[in-house]
Amino acid sequence: MANETPRFTSRLPYVIACLFGLTLFFLDITYQTFDPLDRIKINSQNFIKSGLSNLKNSFVSLEINFSDKKILLNENKNLKEQLSILSVIAQQNIFNSKLEDVSAPHRIIVFDTDQYFCCSNHRMFVEKNEKNYQKGFAMNSSGLIGQIIKDHPNSYELILLSDVDHKIPIYNKDFEVYCNAEGSGFERLIICKVFMDLDRESIIGQEFYTSGFGGVFNKDTPVGKAISVTQAEGNEYEIFIEIIANPLSDERVFLFKPT
Amino acid sequence: MRTREIILVYSSILFAIILDSLLSFKVGVIFFDTNFSYLVFSYWVFAVPEKIRVNQSILIGFLVDFLSNSAIGFHISLYCLFSLVIHAYAYTFRLFSYLQLAIFFGTSTAFISALFYLFHHPLHYSYLDIFIYWITSMILWFPVYFGMRRFRQKFFYA
């Protein structure tokens, strides 16, 4: 009879360790027990990335100082910034908000694009400047991208419209459709569930705007266009809306207090 | 484990976590992802089972949980589970061909990723992605195996 293969350790410690891991996993998934640990991770990650980015920028500017392209590069940078501000001002005029609410743009410190493309958590971290925000929404030159969800010591955490935990009150004037559109977890896509009879063909291509409910977003900000409609059950319809704004288009975002 | 060995094992795991965050991208509807951290961890358990025991499995699992976007405890439990399997068959694995090793470690990597998407991002669970993941993990096992073996022979026993 063949001997059993010798093992390096007994199985019991591994079984206990597995159960210990599963307990931690259950506590974290169900009760978010380790959220403080997560905050420490986010803050340290933001601090390191912000520091590295500053260091990189200072090296780049040092290099530029020695080159002839300095003036051109500076001009290019200023023009880009002005263009981005002009674009946001133009959008502000669309929804009649106050211009004095436009503060200096906030630089994006961390945006996990892997998470954005593969998974449902669509979060972005932007650096703080002199203005403080308890709540507010975020735009870039392409449009509305999300809202402030957490205030960290060195950054603001933004939740994007497409995040699976995000909801935004929107409406369409022509069809009188009002709903709380939920983030789909997929890039630039939100889902609006309505309980009314819809002409599925004619609603495709319709623009949706913020309805102003909820106290975070100003009224009549363009959000997106309906790209498809599916009938869930009975007279429940799911309208899939493609978000106009692309969070990847700019390196900076503008934050606004709701007015 | 000696301090030098601990530093080598943990620095290789950290390097693998950085590689994981750098080498993932999307082409069309397919998301290419890697799990170097598990491949490197399983290499260490496979190569030096007498050094990487349950305590190290818990610590490495916690490190991966903390630095990646998973809930705490997910990698701890799975790393301990696979550490147990690798320990139990440590001598049997010595008889396996490179291809058989690649199939085992590639499959276990794909299993961990499938569970990750199932628990953390069920909306993004895709059989096509998991299949591609399985194939890429098996292919990636070869560079990890030979690279880590060279690294271990050069620095671990120095």
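Tutor: A polar contact is a pair of N or O atoms within 3.5 Å; within protein, one must be able to donate a hydrogen and the other to accept it, and residues adjacent in sequence count only if both atoms are side-chain atoms. Here is a case: the side chains of A:Asp163 and A:Arg123 make a polar contact at 3.0 Å.

Student: What should I know about the model before I go on?

Tutor: This is a predicted model, where local features need pLDDT of at least 70 and side-chain atom pairs count only at pLDDT 80 or more, while totals for chains, interfaces and linings use all residues. Residues are numbered from 1 along each chain as its sequence is written, chains are lettered from A and ligands numbered from 1 in the order in which they are written, and side-chain values use heavy atoms, with hydrogens and water left out.

Student: Where in chain A is A:Asp163 found?

Tutor: First, the elements: helices (H or I, at least four residues) and strands (E, at least two) are DSSP runs, numbered from the N terminus. A:Asp163 sits in the loop between strand 5 (155-160) and strand 6 (167-172) of chain A.

Student: Is A:Asp163 buried or exposed?

Tutor: Buried means under 20% relative accessible area, exposed over 50%, partly exposed in between (1.4 Å probe, protein chains only). A:Asp163 has a relative accessible area of 0%, so this residue is buried.

Student: Which residues does A:Asp163 touch?

Tutor: Contact means heavy atoms within 4.5 Å. Leave out residues up to four places away in sequence, and A:Asp163 touches A:Ser120, A:Asn121, A:His122, A:Arg123 and A:Gly183. A:Arg123 is also the partner in the polar contact.

Student: Now a residue in a strand. Where is the place of A:Leu158, and is A:Leu158 buried or exposed?

Tutor: A:Leu158 belongs to strand 5 of chain A. A:Leu158 counts as buried because its relative accessibility is 0%. Its contacts beyond four places in sequence include A:His122, A:Val126, A:Ile148 and A:Leu255. Compare a spacing: A:Asn218 is 60 residues from A:Leu158 in sequence, and their C-alpha atoms are 17 Å apart.

Student: How many helices and strands are there in chain A?

Tutor: Chain A has five helices and twelve strands. Of its 259 residues, 41% count as buried. Take the contacts in chain A between residues at least 6 apart in sequence: 63% of them join residues at least 24 apart.

Student: What domains is chain A divided into?

Tutor: Domain bounds come from an automatic or database domain assignment. Here, domain 1 covers 12-102 and domain 2 covers 103-259. Their C-alpha centres lie 18 Å apart. In the contact between them, domain 1 uses 23 residues and domain 2 uses 32.

Student: How much area do domain 1 and domain 2 of chain A bury between them?

Tutor: Buried area is the accessible area (1.4 Å probe) that two parts lose on being put together, summed over both. For these two domains of chain A it is about 2,100 Å², with 56% on carbon and sulfur atoms.

Student: How many salt bridges does the rule find across the interface of domain 1 and domain 2 of chain A?

Tutor: A salt bridge is a side-chain nitrogen of Lys or Arg within 4 Å of a carboxyl oxygen of Asp or Glu. Between domain 1 and domain 2 of chain A, the rule finds zero. On the side of domain 1 that touches domain 2, the elements giving two or more residues are helix 2 (35-65) and helix 3 (70-94) of chain A. Helix 2 gives the most, ten residues.

Student: How many residues of chain B are in contact with chain A?

Tutor: 37 residues of chain B meet 33 residues of chain A. The two chains bury about 3,100 Å² between them, 69% of it on carbon and sulfur atoms. One salt bridge is counted between them. It joins A:Glu187 and B:Lys26, with the closest N and O atoms 2.8 Å apart.

Student: Which elements give two or more residues to the side of chain B that touches chain A?

Tutor: They are helix 1 (3-22), helix 3 (54-67), helix 4 (74-88), helix 5 (90-94) and helix 6 of chain B. Helix 4 of chain B gives the most, with nine residues.

Student: Where is the place of B:Ala114 in chain B?

Tutor: B:Ala114 lies in helix 6 (residues 98-120) of chain B. Its relative accessibility is 12%, so B:Ala114 counts as buried. Beyond four places in sequence, B:Ala114 is in contact with B:Tyr125 and B:Ile130. B:Phe131 is 17 residues from B:Ala114 along the chain, and their C-alpha atoms are separated by 9.6 Å.
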